[in-house]
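Keep the structure open beside you as you read.

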Amino acid sequence: MKDQHAKVARPGRVHRPGGRTTPAQGDAAGGGVPGAGRSRGKPLAASLVGLAVAISGCTGAQSAASPAAPGAVVTRPAQAQSAPPAKQLTRRAPAPPAPDAAIPKDASRLARALTGTTAQLRRAIDDWVRAGGPAGGRPPEPVALLALHQQRIYRYLARNQKTASRTYAELPKALAGPARANVTAIRDLLSLAHPVSDPAKFRVRQPEPADALLGHFRHAERRFGVDWEILAAVMFVETKFGRVRSPSHTGAKGPMQFMPGTWAAYGMGGDVHDTRDAILAAANYLHASGAPRNYRRALYAYNHSWAYVNAVRLHARQIKQDIRNYYAYYNWQVFVITTRGERRLSGP
């Protein structure tokens, strides 16, 4: 979780203390407090082309029968015997990787792994959305496993900059840009991380269904004019869409991580732990801080770190370019940086 200053920003006046966020969780900030800065040196709690669910149909060609000549005897042709169906060749998708499957270290193998994983994940997300799955219940296993593997590849690349640069050169052009954006965002957040000694203090749980959250984001966008993709990226970075339920050690609470004073100013009488209320409050605060005219300013007011601002905007841009990125991010898991190394707290 991240530290926040307790000072409250009021509408029309953005409070900008110079504190830096220091995340304890890898690519999830998990504790950015709207309107409050972060104390230096304290822990921070800890991507997929436009959604295309194509439904295509075809109609069989019909031939018009020629009219019979007058007086001609009309005979009905015998029913053609159907040929036995040809043996259908079913193409099985490769089995999804195990939760802790090894990540390749070579750039060429990494590029192949990321390309294959992303292609499989896109197909799995399309199937999930087509079946209406994001509206309720847990994601199917292929989606969860493929998203986790993709996330782990990106985290490895974020920690190995030279390998990442070589990997980008091996990727298809359409994937190289998104890969670079995701790796850069994760690296920015890792730069704020401060290891924790006791990861057990982080409580995690299943998030609300992806489409339920999407409804909340869009409702807040309509009310306050803040892009829903920005709101989704903030929640993704802060608490991995509500997976992290622990307050920060400075008292920031809820899925959007508000300090009590800031919540009193912008929570509109809601419950800080209620997802819908928290998303509306975040949109309210971002709007009061300059959004949508100036997202950089508004996000900096939300969390006083340019690395945080950059990461949120990069993730939001990926979601805006392809909504499947939203569903992929929804399935990324909570990692925490501990004094003994990285540890995953949620997921399969």
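In α6, Ile-230, Leu-231 and Met-235 meet Thr-275, Ile-279, Ala-282, Ala-283 and Leu-286 of α8, where contact means heavy atoms within 4.5 Å. The residues of this contact divide into seven nonpolar, one polar and no charged; Ala, Val, Leu, Ile, Met, Phe, Trp, Tyr, Cys and Pro count as nonpolar, Asp, Glu, Lys and Arg as charged, and the others, Gly among them, as polar.

This is a predicted model: local features need pLDDT of at least 70, side-chain atom pairs count only at pLDDT 80 or more, and totals for chains, interfaces and linings use all residues. Residues are numbered from 1 along each chain as its sequence is written, and side-chain values use heavy atoms, with hydrogens and water left out.

Two packed helices are described by the angle between their axes and the distance between the axes. For α6 (residues 228-239) and α8 (residues 275-288), the axes come within 11 Å and cross at roughly 115 degrees. Axes here are lines fitted to C-alpha atoms, for helices over the stretch in contact, with angles from 0 to 180 degrees between N-to-C directions. Helices are DSSP runs (H or I, at least four residues), numbered from the N terminus.

Now turn to α1 (residues 107-130) and α2 (residues 141-159), whose axes come within 9 Å and cross at roughly 145 degrees. Their contact has 15 nonpolar, five polar and no charged residues. Among the residues that meet there are Leu-110 and Trp-128 in α1 and Pro-142 and Leu-157 in α2.

Methods:
Helices (H or I, at least four residues) and strands (E, at least two) are DSSP runs, numbered from the N terminus.
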